[in-house]
Amino acid sequence: MNAHGNTQVWRNQQGTSALDRSDTLLGFGASPARNAAQLKSLLGNSSSRLRSKVVIPREDLPSGKKKKRAQQEVISLEQAKHRARVEVDIVLESNTYVQGDFLRGHVKLNIRKRSKKDAPVSIAEGKVRVIGFETIPNEDDRHTFYQCAAPLSAITDSVQGIYSSSPDPEGYAQAVEGAHVLPFAMRLPTDATFGASKGVVNVHSGVAVRYIAMISVKVKDAKTDKRSIAHFYRSCEIWPRLNSSIALAAAPRPIQASTSRSLAVVGSGAKVKLTALLHRLTWVAGQRCYVKLSVANGTKKTLKSLNLTLVRTTTLFKPKPAADTGHSRSADPDACQKSTMHRPVAETVLEIAQQGAKGHASAKGWWTGVGPGQELEFSHYILLPPDALSITRGRILEVEYSIRVTLSAGPLTPDVFVTLPVKIINFLSIDPTPCLPLLSADGAYTRLV
């Protein structure tokens, strides 16, 4: 890490990162099917428990003569073994970060003391990763959309104490037995080179956008040359960083929806004209979202109530096998099974106020409805849920919101309604909590103890 705490990114002359070329886990440019299979193995079951003898496929399983070789190249997970030789853990300073922050915490590395019969254990440099993925109820349907990674040597100054020998040509060195604690600080890039974070969503059981921070260390047996990976992860939240002056700027033209409808059950007759406006598209979860209304009541009935309903629309895109085009990052958006769910998640009701009474200086309520032949402009709000979040379409998930504006003259008349689209962001994205590395007087990275 340099004096400013920036994570090092290794690149060759063509601009391809070392992670792309040689990393075993969740490689960028690998097929979605391969990454989904690896992620499933790494996460374990619903209790995060690893299956015994679980392995990580290094490549997509080919057919024909190459199939046997690919089966031989699978790598086992060290912590799925009954007696792991290397155990790792990652402990975070916080579970919530914004792109541009420093992910801080410490890595615990335990090299088990070997018996006289055991061969020395060699390890290659570990990596800390942050992985964001979409998931839907079918456990095989996971899609990695965000990943940043850094070798331990780039984010801590304590890594040399875990080796007792020089690295071999493959980068493996004999590990010092015992427990090691390595404090680290890794910057989360603000650009979208390795994907853009979306925030956290848990729509309902199994449908979610999740993030994990993971430590992984490659392990090699000096006697048999067998390879494995020791890894451990903890859940976290990664939010996009947004410029508030841009995200919350007024739209060039108001977001507007209009309708004209009769209140008669049969026939046309006179109509109510309703126009609803939002002065901007983007709103912050937990705040009041104000809607301006213009109503022209051409009927003989009084409009007595206004309902503002926030509707969440969740769309799932289950890719078909044909959509996985080898090493493509994305699939044909039309080559999938699509299902859409609509659910009201918040509502506010504005009832007609009491009429003024003789001898009283005021009355309950402020809105007096819209009487026959009356034209009226007014505003009202709906309180957005603090956990609401719009998610642009990824590979398998999209979450959108809209506000349904409904005027009613009573239970025996048709409602008059329009719908306005809204985009909801989290307050953390525009006002993140500062999270910086600890620096010594000379500007160098210091221990986090």
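The protein chain contains 5 helices and 22 strands; helices (H or I, at least four residues) and strands (E, at least two) are DSSP runs, numbered from the N terminus. The model is predicted, so local features need pLDDT of at least 70 and side-chain atom pairs count only at pLDDT 80 or more, while totals for chains, interfaces and linings use all residues. Residues are numbered from 1 along each chain as its sequence is written, and side-chain values use heavy atoms, with hydrogens and water left out.

**The chain as a whole**

- Of the 449 residues in the protein chain, 46% are buried; buried means under 20% relative accessible area, exposed means over 50%, and partly exposed lies in between (1.4 Å probe, protein chains only).
- The protein chain exposes about 23300 Å², of which carbon and sulfur atoms supply 51%; accessible areas come from the Shrake-Rupley method with a 1.4 Å probe, and for residues only the protein chains shown count as cover.

**An open sheet**

- Four strands form an open sheet in the order β14-β15-β17-β20, with antiparallel pairing; two strands pair if DSSP finds at least two bridges between them.
- The edge strands of this sheet are β14 (255–262) and β20 (375–383), each of which pairs on one side only.
- On average, neighbouring strands of the sheet are turned by 20° against each other, direction ignored; axes are lines fitted to C-alpha atoms, for helices over the stretch in contact, and angles run from 0 to 180 degrees between N-to-C directions.
- Strand β17 (residues 288–297) pairs with β20 in the antiparallel sense over 9 bridges.
- Ser294 stands opposite Glu377 in β20.

- The structure holds 11 salt bridges; a salt bridge is a side-chain nitrogen of Lys or Arg within 4 Å of a carboxyl oxygen of Asp or Glu.
- One of them joins the side chains of Arg234 and Asp89 (3.0 Å, N to O). This pair links Arg234 in strand β13 (residues 227–239) with Asp89 in strand β3 (residues 86–92), 145 residues apart.
- Arg234 is partly exposed at 33% relative accessibility, whereas Asp89 is buried at 16%.
- Another salt bridge joins the side chains of Glu134 and Lys198 (2.9 Å, N to O). Glu134 lies in strand β7 (residues 127–135) and Lys198 in the loop between β10 (178–187) and β11 (201–204), 64 residues apart.
- Glu134 is buried, with a relative accessible area of 0%, and Lys198 is also buried, at 15%.

**A network of salt bridges**

- Salt bridges link Asp168, Glu170, Lys220, Asp225 and Arg227 in a network.
- Within the pair formed by Lys220 and Glu170, the closest N and O atoms are 3.3 Å apart. Lys220 belongs to strand β12 (residues 207–221) and Glu170 to the loop between α4 (152–155) and β9 (172–174), 50 residues apart.
- Lys220 is buried, with a relative accessible area of 9%, whereas Glu170 is partly exposed at 49%.
- Asp225 is found in the loop between β12 and β13 and is partly exposed, with a relative accessible area of 41%.
- The phi of Asp225 is near 65°, a positive value in a residue other than glycine. Most residues other than glycine have a negative phi.
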